[in-house]
Amino acid sequence: MIDKVSRIDYKRLRREEQHSYNTDALHIIDKTCGPCGKLYNQFKDAADRLDFALTQKALQPSRSLADHDQAADSAWFGLQYRIKAGLYLPRTQAAAQKVDSVFSQTSNPTHLGYAQAYGALRTLLSQLYALGDPVLIEADVKEYVDYLQSCVDNFLTKRSEMMQAHASGRIGEITSIVKECARYWQKLAAFIEAMANAETLPNAEETVKQLNRMTALYKARIEARMAGDNEDEDENDNEITDAESDAPAEIDAPASDPADGSN
């Protein structure tokens with residue numbers, strides 16, 4: 001009786017490691033016992049589809065809202081500073097006071113979650129535009145208000161695109177393929193074990209030995225990361241293995257410390 005093929009916890013592998021593990025496993029099988037039937041083909045097909053999906057994802061623009069949110073935060077702070085500056089300039093002081101009386105009624109939204117923050121920003125912008133362009137121009141803030149409006153519009157458009165992508169199932173595609181890889185690998189590993197024990201598949205025992213050496217290296221990486229920083233590693237695992245299916249959590253994510261100027 002030979003040792004079993006050592007299993008790997010796919011959830012603990014990063015995306016690039018999942019891809020590499022599949023590639024390495026197929027390479028070992030190909031050079032030892034060779035392609036070995038239906039289960040091999042199912043695993044290879046899933047591995048190929050993961051390779052293609054990751055390539056396509058890399059070619060697409062990021063779905064993250066962070067950059068758009070940061071731009072809106074910066075635009076809000078820019079408008080705030082410009083209004084304050086206008087209060088100290090005789091030419092703009094009177095109009096700046098009118099703008100400030102509206103602006104100051106809304107608390108700093110950059111420390112709020114997305115849903116609250118952008119609700120507040122949309123209300124604020126409506127109130128500012130209600131003052132009329134002549135007042136905004138006289139206060140020398142029209143360009144800043146327009147820029148904040150464009151940043152809010154860009155964020156909301158991106159948020160809508162993400163929600164539509166999630167609803168259509170595109171975001172969860174990679175997660176789904178990874179689960180297939182894990183499932184087919186379990187079946188293929190069990191088949192190779194059985195064939196090696198029965199001595200009915202040439203070089204299957206060598207296949208098991210090499211697969212176990214390879215898996216040990218991946219497990220060592222996982223253990224090293226977990227020992228180094230469990231908290232950070234948990235965050236990395238979640239981001240890499242589940243981010244595609246958890247996009248709505250990002251859509252309404254709470255903001256970070258307002259001191260850094262971003263949500």
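**Reading helix packing**

Mentor: In α3, residues W76, L79, Q80, I83 and G86 meet T92, Q93, A96, V99, D100 and F103 of α4. Contact here requires heavy atoms within 4.5 Å. Helices (H or I, at least four residues) and strands (E, at least two) are DSSP runs numbered from the N terminus. The model is predicted: local features need pLDDT of at least 70 and side-chain atom pairs pLDDT 80 or more, while totals for chains, interfaces and linings use all residues. Residues are numbered from 1 along each chain as its sequence is written, and side-chain values use heavy atoms, leaving out hydrogens and water.

Trainee: At what angle do α3 and α4 pack?

Mentor: Axes are lines fitted to C-alpha atoms, for helices over the stretch in contact, and angles run from 0 to 180 degrees between N-to-C directions. Helix α3 (residues 66-86) and α4 pack at about 140 degrees, with axes 8 Å apart. The pair is therefore oblique, since angles under 35 degrees count as roughly parallel, over 145 as roughly antiparallel, 65 to 115 as roughly perpendicular and the rest as oblique. Their crossing is left-handed: the near helix is turned anticlockwise from the far one by less than a right angle, whereas clockwise is right-handed.

Trainee: How do the axes of α4 and α5 cross?

Mentor: The axes of α4 (residues 90-103) and α5 (residues 114-130) come within 9 Å and cross at roughly 155 degrees, so these helices are roughly antiparallel. The crossing of α4 and α5 is right-handed. V99, V102 and F103 of α4 make the contact with L124, Q127 and L128 of α5; five of these residues are nonpolar, one is polar and none is charged.

Trainee: Which residues of α1 are buried?

Mentor: Buried means under 20% relative accessible area, exposed over 50%, partly exposed in between (1.4 Å probe, protein chains only). In α1, the buried residues are R15, E17, Q18, Y21, N22, A25, L26, I28 and I29.

Trainee: What is the wider picture?

Mentor: The protein has 11 helices and zero strands, and 40% of its 263 residues count as buried. Among contacts between residues at least 6 apart in sequence, 80% join residues at least 24 apart.

Terms used: Nonpolar A, V, L, I, M, F, W, Y, C, P; charged D, E, K, R; others polar.
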